[in-house]
Amino acid sequence: MKVKICAAQMGIVPLNVKENTKKAELLIETAAKEGCDIICFPEYFLTGAVADETLKYAQGIPGAYTEKFCKLAKEQGLHIIMGTIIEKIDENYYNTSVLIDDSGRIVGKYSKSRLWFSEKKYLKEGNKTPVFETKFGRVGITICWDLAFPEIIKEMALKGAKIVFCPSHWYYEDKYGAFLYYEDQYGASTAETLRKKVPEHNTDAIFVDACASARAIENELVHIFVNAADRYRNFSLLGRTQINVPFYGRIASIESNEEKLLIRDLDLDLVDLAEEVYRIREEGKR
């Protein structure tokens with residue numbers, strides 16, 4: 001089974017749904033012209049990262065956001081993974097990704113299981129790890145900080161996922177992200193003491209590269225990490241959008257944080273071959 005993937009490392013304009021939607025629409029058109037089967041956008045690709053002012057953009061699913069991208073998927077004839085949007089259910093908010101097929105139908109959604117420190121003030125954690133049936137086999141979705149918790153993808157792998165997408169909004173400065181939490185909880189002096197201990201090199205690039213590759217190899221699946229680009233407010237996005245597969249690890253990547261499409265033809269028979277060789281899924285069910 002062959003599939004052509006497009007990972008959209010897209011810059012995000014804070015609080016500008018109209019501009020971000022227009023940008024995403026152009027990227028979808030480009031992906032369709034390149035013959036891509038699936039395009040995946042970054043986390044928070046329509047509004048920017050969750051904060052007090054972004055909650056007003058939250059919607060239900062289905063809603064106006066999904067209606068727009070369902071129409072685009074049908075018009076352009078490809079599957080779309082809507083990065084994430086802020087989903088409102090009753091009085092609760094979730095960081096949710098939506099998978100739409102090439103007929104314009106919502107196949108399913110996944111809400112982030114492991115919230116980053118700054119998200120905990122606003123969002124509820126999801127508690128399900130679904131996989132979705134597509135013409136390319138079963139697909140899973142995780143979101144950003146979920147990458148640090150291998151049990152999430154492992155569960156999807158044991159449910160038969162051949163591809164797992166990971167839309168993200170990961171900063172170069174995320175190595176300091178928890179210190180805001182520590183400052184609130186334990187005081188500024190404790191936070192500053194911890195901050196000074198952190199290595200100055202790009203620890204988050206090492207983190208993402210190692211984990212993304214490991215998730216593909218240890219679960220015998222294709223793992224696609226799709227990060228946002230450029231800068232967001234005062235922070236630098238990490239970039240490093242990449243595709244990892246069994247046997248090889250990382251086979252394609254965007255090393256910088258520039259806005260760019262990563263397009264790759266993939267042979268999913270490699271997933272089945274990895275299981276024949278290592279039997280990780282079979283052993284994992286024991």
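Me: Why is C70 called buried?

Reply: The relative accessible area of C70 is 13%. Buried means under 20% relative accessible area, exposed means over 50%, and partly exposed lies in between (1.4 Å probe, protein chains only). C70 at 13% is under the cut-off, so C70 is buried. This is a predicted model, in which local features need pLDDT of at least 70 and side-chain atom pairs count only at pLDDT 80 or more, while totals for chains, interfaces and linings use all residues. Residues are numbered from 1 along each chain as its sequence is written, and side-chain values use heavy atoms, with hydrogens and water left out.

Me: Why is T47 called buried?

Reply: T47 has 5% relative accessibility and therefore counts as buried. T47 sits in the loop between β2 (38-40) and α2 (64-76); helices (H or I, at least four residues) and strands (E, at least two) are DSSP runs, numbered from the N terminus. Contact means heavy atoms within 4.5 Å. Beyond its neighbours within four places in sequence, T47 is in contact with residues including I12, V13, P14, Y57, I86 and Y232.

Me: What makes A274 buried?

Reply: Its relative accessibility is 1%, so A274 counts as buried. A274 is part of helix α7 (residues 269-278). Not counting residues up to four places away in sequence, A274 touches E220, P246, F247 and R279.

Me: What makes a set of residues a nonpolar core, and which members of the largest one touch the most others?

Reply: A nonpolar core is a set of buried Ala, Val, Leu, Ile, Met, Phe, Trp, Tyr and Cys residues joined through side-chain atoms within 4.5 Å. The largest nonpolar core has 44 residues, and V3, I163, F165, W170, V222 and I224 touch the most other members. Strand β9 (residues 161-167) gives the largest share of this core, 5 residues. A second, separate core has 42 residues, among them I12, I28, A31 and A58.

Me: Which residues does W170 touch?

Reply: Not counting residues up to four places away in sequence, W170 touches C144, W145, L147, D204, F207, V208, F225, N227, L237 and L238.

Me: How are the residues lining the second largest pocket divided into nonpolar, polar and charged?

Reply: Ala, Val, Leu, Ile, Met, Phe, Trp, Tyr, Cys and Pro count as nonpolar, Asp, Glu, Lys and Arg as charged, and the others, Gly among them, as polar. The lining divides into 4 nonpolar, 3 polar and 4 charged residues. Among the lining residues are E87, Y94, K109, N127 and P130. The largest share, 3 residues, comes from β6.

Key. 1 Å grid on protein atoms, 1.4 Å probe; cavity = no way out; pocket = protein on both sides within 12 Å on 5 of 7 lines; lining within 4 Å.
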